[in-house]
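Please read them with the model open.

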Amino acid sequence: MTDSSDSESGSASAGGPGEAAGPRTVFLLAHTGRPAAIRSAELVVLGLLRSGLGVRVVEHEAVDLPLPPEVELVAECTPKVLEGCELLIVLGGDGTLLRGAEFARGSGVPMLGVNLGRVGFLAEAERDDLDKVVDRVVRKAYEVEERMTLDVLVRTNGDVLHRDWALNEAAIQKVSPERMLEVVLEIDGRPVTGFGCDGIVCATPTGSTAYAFSAGGPVVWPEVEALLMVPISAHALFAKPLVTSPDSVLAVEVQPGTPHGVLWCDGRRTMELPAGARVEVRRGSVPVRLARLHHASFTDRLVAKFALPVSGWRGAPHETT
C-alpha cells in the first residue's frame with residue numbers, strides 16, 4: 001500500500017506563504033507519462049488561463065503537454081520556482097503527490113492533489129472533478145490545513161551521518177533477503193524491546209494508511225496527533241504497533257552484529273544504514289500545507305478509498321419525543 005491518509009490537520013484560510021499580491025499564478029505538476037494526466041493537465045491549464053490566472057510548468061514536463069504559449073516555463077522544479085505562486089496543483093498517483101509534497105514543504109505553498117492513480121488519500125479531488133477544481137481555485141474557495149511531518153536523523157558513533165524528513169513514513173528495512181535486521185527500539189530515551197525483523201516503519205497520521213497500514217498498523221483519524229512505530233515481520237512475542245505522543249522521540253538502533261540496513265523516506269529518498277547506525281525520528285519542524293475543497297468525513301473517505309462493505313447499516317436510532 002503506497003497511499004496516504006487524511007491526517008492531523010490545522011485549518012487555515014486560503015493563501016499564506018507563497019501567495020503574492022497582484023496577478024495570481026498557479027504551479028502545475030503532472031505525471032506526464034500517463035495519457036490521462038496529459039489530458040487532465042490540458043483541461044486545468046486552459047480553464048485557469050480563461051479565468052485570468054497565470055500557470056507555471058516545469059520545462060521538461062511541458063514537452064509532453066499541449067500547452068498554449070501563455071504558460072510560463074521554468075528550467076527545474078525546486079521549491080524556489082514556486083515563489084509568487086499561490087497554489088501547487090498536482091495531477092497523478094501517490095508517487096507524484098509525494099513528489100509534489102517535497103516542493104510544497106520547501107516553499108510553504110499549499111498543494112492541491114488530483115488523484116489519477118488507485119487510492120490517493122493525499123488527493124482532494126478525482127479525475128472527474130476537474131471542472132470543480134478549476135472553479136474553486138479561481139474563486140479561492142478552498143481552505144488550507146497543515147499536515148505533520150517527520151524529521152529524521154541518522155547517527156553513527158554519536159556523529160550525525162544524515163538528515164532527512166518524511167510526510168508518510170521513515171522505514172528502516174533489511175537489505176539481505178536471507179537475514180533479518182536486528183534492532184532495538186527506543187521511545188523518549190528509554191529502551192522498549194529488541195528483535196529480528198524485516199524492518200520498522202515510523203509514521204505520521206498521514207502515513208497510517210500507507211506503508212504502516214500494510215505492515216499491520218492502525219488507521220489514525222485526522223483529529224489525532226501521534227507518532228506510529230510499526231514492526232515489519234518481527235520474530236518476537238511482543239512486536240505490536242506502538243502509538244506515542246506527537247512530542248515523543250522514536251529511535252531504532254541497528255545492532256552492530258547485524259547486516260547493514262537501508263532507510264527509506266516516503267519511498268523516495270534512501271540511504272544505506274551501516275551496522276550500529278541509530279535512526280531518530282521526531283515531529284517535523286516544517287509541515288506540508290494542503291488545500292482542501294470540502295470538509296468530507298474521514299470515515300466516508302476511508303470507506304470510499306478502500307471500498308469497504310457497509311451494506312446493512314441503518315444508522316443511529318431516532319430519538320422519540
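1. Is Glu 145 buried or exposed? Glu 145 counts as buried, at 9% relative accessibility. Keep in mind that this is a predicted model.

2. Glu 145 pairs with Arg 147 in a salt bridge, with 3.0 Å between the closest N and O atoms. Arg 147 is buried as well, its relative accessible area being 1%. Both values fall below the cut-off for buried, which is under 20%.

3. The pair of Glu 124 and Arg 292 is also a salt bridge, and here the closest N and O atoms are 2.2 Å apart. Glu 124 sits in the loop between strand E6 (111–115) and strand E7 (125–126), while Arg 292 belongs to strand E21 (residues 288–292), so this contact ties together parts that are 168 residues apart in sequence. Glu 124 is buried at 6% relative accessibility, and Arg 292 is buried with a relative accessible area of 7%.

4. Glu 280 and Arg 282 form a salt bridge whose closest N and O atoms lie 3.9 Å apart. The cut-off for a salt bridge is within 4 Å, so this pair is counted. Glu 280 is buried, at 7% relative accessibility, whereas Arg 282 is partly exposed, at 31%.

5. Glu 280 and Arg 282 also belong to a network of salt bridges, which links them with Arg 155, Glu 186, Glu 253 and Arg 278.

6. For the overall tally, the count comes to 20 salt bridges. Among them are Glu 124 with Arg 292, Glu 145 with Arg 147 and Glu 280 with Arg 282.

Technical notes: Residues are numbered from 1 along each chain as its sequence is written. This is a predicted model: local features need pLDDT of at least 70, side-chain atom pairs count only at pLDDT 80 or more; totals for chains, interfaces and linings use all residues. Side-chain values use heavy atoms; hydrogens and water are left out. A salt bridge is a side-chain nitrogen of Lys or Arg within 4 Å of a carboxyl oxygen of Asp or Glu. Helices (H or I, at least four residues) and strands (E, at least two) are DSSP runs, numbered from the N terminus. Buried means under 20% relative accessible area, exposed over 50%, partly exposed in between (1.4 Å probe, protein chains only).
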